[in-house]
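Please look through the sequence and the structure before reading on.

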Amino acid sequence: MIGLVSEARRNFHHELIHTGTLAIDSKGVASNADSNQKTSSAVAYHMARALGTPEGAQKLGGQTAGKNFETAVTNFLSATLPMFPMLRPGRWQIKNVGGQRGVSHLSQFEPYTHLSSLAAAVVENPTLASVLGNSYEISPDVLVIRAPEPDAFINSSATLVDEYSARRTIIRQLNSQNGIVHGIASCKWTLRSDRAQNARSEALNIIRNRKGRTPHIVVVTGEPTPSRIASLALGTGDLDTVYHMALPELITAVEATDNDEALSMIHTLLDGNRLRDISDLPLDFTV
């Protein structure tokens, strides 16, 4: 019997194919490949075929593919994360906000509500911008939000909290109505050096600007080239982990190229616990 996560993973790939995000054109080039790079083209083609992608489709524009990828990741998390209350109880909302860059979504939630006041202060006093820069302007792709809990739920098995104590913790609905940012996923359909750097910069801003516990900070990518994945996945301190849309298929595709350098890099990332499959993500968010 197939598990829920495996079924959701299959649906995730079907969505990418159905929307034309993952496609193979008439020349045999997959839509996530760098056609000017031999390894990228070979790995992307093998991976796409393993996922059941037909040939002869037209490649989507970069922005459209990126938006579709964000939507697919959002749908995958929405179908899986709430199904693990035994590991992480909570009332969850998965929000795709990547297409609305002009709105400060992060400041609507804890522990980032202070950012709205900071943005307003900069508008009133533009000279502050020269001091603060743009480190407070954070535009995530996908937010995993946990709702604060009412006292009736917290006290369901015993009287644990009352009106006299625990009056500042954000998990109590009595103290705060704002949702709590539990995780942030940056979605990168493909990776180039600038996209990798943008993801790292955003992660550091998320860490520096919080007033509370650091949320999970991850990147989900469909990039086929191990060296480009490594540019983001290697090292620690900013991102939790990088998740690939189809890691087993990626490994098999790299092995098929007989590229020792690419294969060595994949195993470096795996042995160093810096690269995982998207099916690992909902369970990792419960930790």
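Which residues of β4 point one way, and which the other way?

## Strand β4

The model is predicted. In β4, H216, V218 and V220 point to one side, while I217, V219 and T221 point to the other, and all of them are buried. Because six of the six residues of β4 are buried, this strand is largely enclosed by the rest of the structure.

β4 has pairing partners in β3 and β5. With β3 it pairs in the parallel sense, over six bridges. With β5 it also runs parallel, and four bridges join the two strands. Individual residues show how the strands line up: A185 has V218 of β4 as its bridge partner, and V218 in turn stands opposite T241 in β5. H216 of β4 stands opposite G183.

Nine of the nine residues of β3 are buried, so β3 is largely enclosed by the rest of the structure.

## The chain as a whole

The protein chain contains 11 helices and six strands. Its C-alpha trace spans about 65 × 55 × 35 Å along the principal axes. A compact globule of 287 residues would have a radius of gyration near 19 Å, and the chain has 21 Å, which agrees.

Of the 287 residues, 45% count as buried. Among contacts with a separation of 6 or more, 75% are between residues 24 or more positions apart.

## Helix α3

Helix α3 covers residues 62-80. At 1.5 Å a residue, its 19 residues should span 27 Å, and its end C-alpha atoms are 27 Å apart, which agrees.

The buried residues of α3 are A65, G66, F69, E70, A72, V73, T74, F76, L77 and T80. These residues pack against several elements, including the strands β1, β2, β3 and β4. The helices α1 and α11 are also among the elements they pack against.

Leaving aside neighbours within four places in sequence, T80 is in contact with L4, V5, A8 and P282.

S78 also belongs to helix α3. From C-alpha to C-alpha, S78 and T190 are 23 Å apart in space, and they are 112 residues apart in sequence.

## Helix α2

Helix α2 has 13 residues. From its first C-alpha to its last it reaches 19 Å, close to the 18 Å expected at 1.5 Å a residue. Its buried residues are T39, S40, S41, V43, A44, M47 and A48.

What do the buried residues of α2 pack against? They pack against strand β5 and against helices α9 and α10. β5 is the strand that four bridges join to β4.

## The loop between α2 and α3

Just after α2, G52 takes a positive phi of about 85°. T53 lies in the loop between α2 and α3. Although T53 is in a loop, it is buried, with a relative accessible area of 1%.

A polar atom of the T53 side chain lies 2.8 Å from the backbone oxygen of A48. A48 is one of the buried residues of α2. Not counting residues up to four places away in sequence, T53 touches I17, L22, A23, I24 and A48.

How values were computed:
Residues are numbered from 1 along each chain as its sequence is written. This is a predicted model: local features need pLDDT of at least 70, side-chain atom pairs count only at pLDDT 80 or more; totals for chains, interfaces and linings use all residues. Side-chain values use heavy atoms; hydrogens and water are left out. The expected span of a helix is 1.5 Å times one less than its number of residues. Buried means under 20% relative accessible area, exposed over 50%, partly exposed in between (1.4 Å probe, protein chains only). Contact means heavy atoms within 4.5 Å. A polar contact is a pair of N or O atoms within 3.5 Å; within protein, one must be able to donate a hydrogen and the other to accept it, and residues adjacent in sequence count only if both atoms are side-chain atoms. The radius of gyration is taken over C-alpha atoms; the globule rule is 2.2 Å times the number of residues to the power 0.38. Two strands pair if DSSP finds at least two bridges between them.
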